[in-house]
Amino acid sequence: MADDVTASGSRRALLVGVKNTRYLSEHPDLADRYRPLEFVESDVALIRTALEDSGYTVEDTCDETGLGPVIGAVSKFFASCEPGDTALLYFSGHGETVNGRDHLVLADSQAEWPLPDGSAGLDPNTLLRADPGVLLRRLPRGVTAIVCLDICRTAGTQQHDADEASGWLADHDAYWLYSCGSGQRSYADPVAGSWFAQAFAQALSRVTPPTTFHEIVRYTQGELHRIADEYTQVEPPTVTKRSPWPSGDGELRDPVVCEGSEQTEEWTRIIRDSGLWEHTSGDTAAHERVKECLAELVRWVVDTSAGTAAHRDDPWSDPRYPARVEERLSALVGRAGLQRDELLSPAETACLLAAAVVQEGVVSIALDELRRLLPDGRLDPGPRSRDERSDDHRALVRDAARDVCRAHTQVVRTTETLRGRNLKEATAAADHWLRHRFIADWDRLWEWEHPGDYQAVDALITLVVKAIKAAADSPAAGPRTDEEHREIARQVRQVLGHLTVKPGQSPRINDTAHGEEWITARPVRGNHWRGRQLARLLWTAGLLAADPRRLSSVLVDHLGAHEPLVARHVAAALHSFDYEITDGRTAHTYGLAVRFNCPHPALHAALEELTLAADATVRAFRADAAGRPLMRGLPDQVTAAELRALPGRYKEPLERFRLAEDEIRPLLMGTQLYGDRMLAVRELYQNALDACRYRDMRRQYGRLRTAWDGTITFAQGWHDGRAYIECHDNGSGMTRTRLTSMFARAGKRYEQDPTFVQERRNWRREGIPVRTMNSRFGIGVFSYFMLADEVVVWTRAVDRFGQVSAEPALRADIQSGSGLLQINVSRDPEVPEDGGTRVRLYLAEPQEGEKHPSLVETLRSLLWVTEHRVAAEEFSAEGEPVRKAGWVPGRLESRDGWHGGPLEIGKDSDAWLVQGEGQLLLDGVVVRDAPKVYGRVINLRERHSPVPSVDRNQLLEYDEELITTEVVRGATEAVGQCGDVSLPWLWRLTRAAPGWPSPY
């Protein structure tokens, strides 16, 4: 059993890094062996940061590192220590074994000419012997010394006088730590630093558990093995220690070296000392009752999460995040100037202080579940298997994981690239980034209508409810019935889930009893409850607190870069993250500017993005703050004005690879991408189809009983002498926000739209089947300009229940040359009054020799099967009808070259047998260069896992085996319905589709 000893004096450290050995590098036989170690400055910086977090006074030297200066610095350092102090010496540089003993190679070490065997060696008189009797000769008694030597030791077994050395260490309470074992080499990353320095700094960090010498040794060894896993050809070095003999009673001495995380004590202190209590109503007794209950919550979270492997393996974990959330909450509430009845109730304060701690528990619970359900280290579960149920919990998790991966396809690709390069740590970090996106959006963690799915989360919420019950103005005044307890739990869940999801008009979590409303009832006597304001406070504070798990994917992009970002270093770096209070936009407001010295350009870019999001949040919330006192303390701007690079790390301002907008826009808007100008009509149809699907799902959610059938109407005609093609749908329409953030932004897709993601969560909760949208790349709108030199959009949005919104109708005008978008309220007769969108393309003049386009002919060739009623009509310049066509939902009409009509294979199978050439469709639209199929038309759906090319003219992959299975299953019955079957056709069909039954 170890005897943990906490030193009573100061903590001091001397860090020595020897980068160059100038005389040895000039020697032809020694230059390669003693190359410059550019990374030692990184080593020293890593150790300095970790030690300063634990209260060390740190001196370092990487310049004056010759024999005399180093001996002088070490002697002076130890001699100045006083009994009770802890003194840590760290050395990073070359090592050499002479006469069986470790020596340190210094900046002025010299070669010895020559050795007896004729080779060049080192002059031992210019080396520093790394023994206690030399390095610690000026160490006073009563000082605890830790010597860490980050050197190579490749000369074989060392010949120390072990008993003598251990006795000397015991007399002086000294501890020795080597970066590798006898006969081993130490390794380094040229940018990140030596493996040992990275592992040792992590062990010393305030965000990891070790505190004592032996705990640090064990943790460092584990971290070093983890780093070495990236290099399968290298045997991991063995961290070696030497420590004093046990004390007289047999206890192994184990001094406390650093603070460690000590999460229980730290989080409890944060709650007890929070500035929020200064702005909370109620008496001291109620406050103390709440604090005791919240302390119990902290103990539960720390005890249950610390032991899970998933939590330990999370490289983005930051135990100091709850402290930053509390700091931001206290600052925002303090600035609100709350008066009397505006003060926080003890129940509200309990909820705010519990939020970040509960979130840590929820993250641990969810990570552990994902580890079990997706055990191969990939969040992406791949396409749904044919036997996978859609209604059990595991299937719902996998579906939600697919949603996350579709929304972040670039991160998925990066993850697989890192996996292919065998960068195990970087791969795990990238996959964990996706897992944290899943956890942030996974509503089921917070719901109360699925008992048993997350019993551990239920236990967490019960502890928060207990704290709120303790907030009552009398201990006997709390809720008494089970239903009252459940009602408080609903209030808590409505609010706490918004630490990671921006609150809207309705809460993230709701139920049939409360609909879309925020619960405002008093949870306990003497305590008011402002759920929506609390949720907004939490969301804002959570953003400002800079959670590493929610930062931009730019971090993932740099995990395997030439100058890699290490995920585990982000949390340690953010320890010093803070804000400077600045002037606001008016004399009565204030602003916040990020104050942070950043170690990596990717983290810098991510924090700039975070700042923009926080700035947009506070502006929006302040604009809607009337009558909401908790919002008064929000700043009116958030900037990155004090965000700086650590000296020497990278240059500011950040240089970025940018697209030349004037050159790229024609590529997206011209025929270079799509080839055929009339494919713009296909994009019009697919966007209209998405709008109809969207409204249909909203109507199901709103349980509307009124009749509605999706319709899409095309027209080609003339207006004021200008030819146009237009598409009118009665779908979801667009708000001003969606026009600017989705319609007019290249690359933006439904899966990335927060409003759609929130609605999709609501639909799934109600059991509504979620349709896949056509928007896969977010660039289809740009194809309009292959035909048009001007686009006009009239739109009237519907709300989340599928009813016409109260927002005014809008008109948007876009010019192809400038891309300028002008949006205005519209009362034009073209506005779809019942909701929907009309898009009119004013056609550019045809090029020389180019045929005048025909809308109807184009649609007939492209559109084979529709989900909703579609009509198209062409008009002459005089307004006379020229030609028209119509499509009945779900019906495939006969095509030229077919013998007889198509034969549907089963009900709603999306497949037909045809006596002639077949075709693969995607959502009813022809994929022009798809693989040729004979005798069958297949309308590919989500279950077939189709992956189209960017221009949608090719199919990169799809589940051909599933298609064959579905068609073969119903083919015999379909053929039996036909009275005129050609035997040669059947023979050719079976030859073209292996696995089909013979006609006999």
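**View 1. The second largest pocket has a volume of about 1300 Å³.** The model is predicted; local features need pLDDT of at least 70, side-chain atom pairs count only at pLDDT 80 or more, and totals for chains, interfaces and linings use all residues. Residues are numbered from 1 along each chain as its sequence is written, and side-chain values use heavy atoms, with hydrogens and water left out. A pocket is an open set of points on a 1 Å grid over the protein atoms alone, where a 1.4 Å probe fits, with protein on both sides within 12 Å along at least five of seven lines. Its volume is the space filled by probe spheres set on the points, joined across faces, edges and corners.

**View 2. The lining of the second largest pocket comprises 42 residues.** Lining residues have an atom within 4 Å of a point. Nearest the pocket centre lie Ala 45, Leu 46, Pro 599, Leu 646 and Arg 649. Helix α2 gives the largest share, 9 residues. Helices (H or I, at least four residues) and strands (E, at least two) are DSSP runs, numbered from the N terminus.

**View 3. Helices α12 (residues 346–373) and α13 (residues 393–407) pack at about 100°.** Their axes, lines fitted to C-alpha atoms over the stretch in contact, are 11 Å apart. Angles run from 0 to 180 degrees between N-to-C directions. The two helices are therefore roughly perpendicular (65 to 115 degrees). Glu 369, Leu 370 and Leu 373 of α12 meet His 393, Arg 394, Val 397 and Arg 398 of α13. Contact means heavy atoms within 4.5 Å.

Conventions. Angles under 35 degrees count as roughly parallel, over 145 as roughly antiparallel, 65 to 115 as roughly perpendicular and the rest as oblique.
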